[in-house]
Structures are given as C-alpha cells and as structure tokens.
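This report looks at one helix, at a pair of packed helices and at a single loop residue. Please keep the sequence and the structure in view while reading.

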Amino acid sequence: MTTGQLARLLGVSPTTLRSWDRRYGLGPAVRADGRHRRWSPDDVAMMRRMCGLTATGVSPAEAARLAQRPARDADTAGVPGGAPVLAARDDEAGAAACHAQAGSGLPLGRVRLECRGLARAAVRMDGLEVQQRLREAVTAHGPALAWEEVMAPALRAVGRKWQSSGERYVEIEHLLSWHISATLRHRYVESAAHGDRGPLAPPLVLACPAGEYHTLPFEALAAVLADDGLTVLTLGGAVPLEALMSTVQRVAPAAVALWSQTRPTADLRSARRVAAARWGVRGARSSSPVLLCGPGWRSPADGSADLRQVKSLREAVRVLTELQRRSAPVR
C-alpha cells in the first residue's frame with residue numbers, strides 16, 4: 001500500500017511515517033522504481049508494532065528497535081505491548097516514574113508510563129488505541145488511580161497545550177474527553193450491574209449545578225463509588241435547582257454531592273436550599289447532607305453540618321461511603 005493508505009490505517013500522519021523512516025530506518029523494504037514507497041504486509045506489521053509500543057509509553061527510538069524484530073521476539077524483549085506494561089507499573093514508585101513530554105508534544109511532567117502512552121495515542125488521533133489504553137488502565141489499577149494518575153494528567157496537559165497554541169489541540173481534548181467519559185461510564189454500568197449491595201440503601205445523588213457542564217470528575221466519582229458497591233444516582237451536568245430539589249424529595253438520598261469547576265457555577269445559596277429540602281412522612285421529616293466538590297466552591301461561612309466541602313476524590317469517596325452506610329437499613 002502507499003504511504004497515505006498506511007497513514008490512514010494506523011491513524012498517524014504521512015509526515016510521521018517519513019520521520020520514522022529518516023530517523024530509525026523504519027521504511028518499506030522495497031521501493032518501486034527506486035522512488036515510490038510501497039509498504040508490504042511485513043512492513044505494515046512492523047509499523048503496527050511501532051505504534052503499539054509507542055502507545056504504551058516506550059520511547060520512539062526503543063520502539064523502533066523492537067518493532068524491527070520479528071513479532072515473537074518483540075513480545076519477549078522485556079518491553080511487550082499492552083497489559084504487561086501496565087501491570088508492571090502498579091507500585092508506589094511507578095506513580096512518578098517518567099519525566100518527559102512523552103514524545104507527544106504535551107507538557108506532561110512526571111507521570112505514569114500509561115499516561116505517556118495515552119497522550120501519544122491521543123496526539124495521533126488514534127481513537128481505538130486511546131480506548132484500549134484507558135480500558136487497560138482501569139482494569140489494571142481501578143477507576144480511582146486510573147483517573148488521578150492517567151486520565152486527569154493527560155487532560156490537564158492537553159488543556160495547557162490548547163491554551164498556549166490557540167485552537168490547535170482542541171480536537172485532541174474532545175477526543176480524549178469522549179473516550180474517558182465512555183470508559184468511566186462503562187465501568188460504572190458494569191459495577192452497578194454486577195455488584196452485591198446487600199440491603200438497598202438510599203442512593204447517593206451526584207449532580208452539577210445549573211450552568212456547569214464539566215462532568216468528567218463526577219463520572220470518575222460515580223465509577224469509584226459503584227466499584228465499591230455503593231448505590232449511586234447520577235444526574236449529570238447543568239441540573240436546574242428545582243429539578244435537583246425535586247429529586248431529593250422523591251428519592252430521600254443518603255447525601256447529595258455537587259460538583260462545580262468554576263466560581264460562577266458554585267452558588268452557595270442554591271446549595272443551602274438543597275441541604276434544607278425536606279423529605280419523609282409528616283412529623284418525621286429529614287434532610288440530606290450536601291457535599292461541595294470541585295475547585296469552584298468556597299468554604300461555607302456558616303459552618304452548617306449539612307453543608308460540607310471536600311478537597312479530593314479520595315475524601316469524597318470516604319465521606320459518601322460513610323454517609324450511605326450509616327443510612328443503610330439494618331440486616
């Protein structure tokens with residue numbers, strides 16, 4: 001096939017293929033008429049190995065060396081593609097393993113090897129590889145660590161690059177966000193469907209206030225809570241206040257968590273109204289505590305026991321778990 005056909009097949013640019021040929025000798029074995037590049041099935045298999053290795057975080061130079069070996073030799077060379085690389089990083093030292101831009105052009109800083117591979121796949125606009133990297137990260141580490149040390153750092157790096165280079169990287173941010181959302185929601189649905197919850201406890205309601213559309217952190221929180229066997233009701237982004245209060249009165253949640261990314265959407269008056277919403281039979285009415293999650297919130301000045309700010313995903317999980325277990329019916 002031609003270079004253009006191979007580039008479309010692999011999800012990379014023709015310029016990238018020419019660069020790999022010039023730098024690492026990863027070119028077609030035969031050139032028609034001495035000029036026209038034609039890639040044989042063996043050449044294509046070699047380039048697939050190259051893309052697979054770089055997507056796991058292997059440096060391009062090392063990936064090129066391994067990709068030129070026969071497939072079975074590359075798999076036993078100590079740097080296999082896919083899940084073995086992920087599993088090998090599951091330790092405390094691995095959390096800050098690599099300091100580089102991952103060959104992706106993104107300012108990643110010190111991140112896990114999986115984050116480097118995810119960034120490379122995203123910059124290549126390789127949606128299938130992005131989804132594979134995300135699925136393997138969640139399977140190997142669980143949704144909490146995968147969000148904190150793989151997904152979120154990649155998203156932040158794309159955001160910084162987008163801000164510094166105009167609109168150039170906005171398509172990468174959209175691609176990455178969509179696949180992260182799909183991965184987290186799939187994990188939530190799987191956990192909710194197969195989890196053993198015992199006595200049905202009041203749900204935990206997760207929502208973003210009116211005007212707030214940044215839902216990914218809450219999708220991560222929902223996946224972690226469902227993974228831990230808790231009952232979660234997620235309303236999504238930009239929920240009108242009256243709809244949120246109606247939900248509280250109808251389902252009597254163990255707690256309500258409100259995510260706000262920015263100050264304009266972090267309305268303390270609305271949060272206090274949700275905390276004051278009453279449910280239950282007359283004469284025995286109660287209310288649900290409200291957790292303020294995300295960087296948009298300021299600490300509530302009144303120190304209300306029903307309005308509490310949490311600073312991290314782990315703290316939110318701990319507090320919400322305690323609140324739901326406290327409200328669960330006795331066996």
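**Helix H12 and its buried side**

In this predicted model, helix H12 spans residues 241-251, and its buried residues are Leu241, Leu244, Met245, Thr247 and Val248. These residues lie on the same side of H12, because they cover an arc of only 155° around the axis.

**Helices H11 and H14**

Two packed helices are described by the angle between their axes and the distance between the axes. For helix H11 (residues 216-227) and helix H14 (residues 313-327), the axes come within 10 Å and cross at roughly 45°. H11 is therefore oblique to H14. Their crossing is right-handed.

On the H11 side, the contact is made by Leu221, Val224 and Leu225. On the H14 side, the residues are Leu313, Ala316, Val317, Leu320 and Thr321. Of the residues in this contact, seven are nonpolar, one is polar and none is charged.

**Ser287 in a loop**

Ser287 sits in the loop that runs between helix H13 (268-276) and strand S8 (290-293). Is Ser287 buried or exposed? Its relative accessible area is 18%; buried means under 20%, so Ser287 counts as buried.

Apart from neighbours within four places in sequence, Ser287 is in contact with Ala275, Ala277, Arg278, Trp279 and Asp306.

Terms used
Residues are numbered from 1 along each chain as its sequence is written. This is a predicted model: local features need pLDDT of at least 70, side-chain atom pairs count only at pLDDT 80 or more; totals for chains, interfaces and linings use all residues. Side-chain values use heavy atoms; hydrogens and water are left out. Helices (H or I, at least four residues) and strands (E, at least two) are DSSP runs, numbered from the N terminus. Buried means under 20% relative accessible area, exposed over 50%, partly exposed in between (1.4 Å probe, protein chains only). Contact means heavy atoms within 4.5 Å. The arc is that of the directions from the helix axis to the C-beta atoms. Axes are lines fitted to C-alpha atoms, for helices over the stretch in contact, and angles run from 0 to 180 degrees between N-to-C directions. Angles under 35 degrees count as roughly parallel, over 145 as roughly antiparallel, 65 to 115 as roughly perpendicular and the rest as oblique. A crossing is left-handed if the near helix is turned anticlockwise from the far one by less than a right angle, and right-handed if clockwise. Ala, Val, Leu, Ile, Met, Phe, Trp, Tyr, Cys and Pro count as nonpolar, Asp, Glu, Lys and Arg as charged, and the others, Gly among them, as polar.
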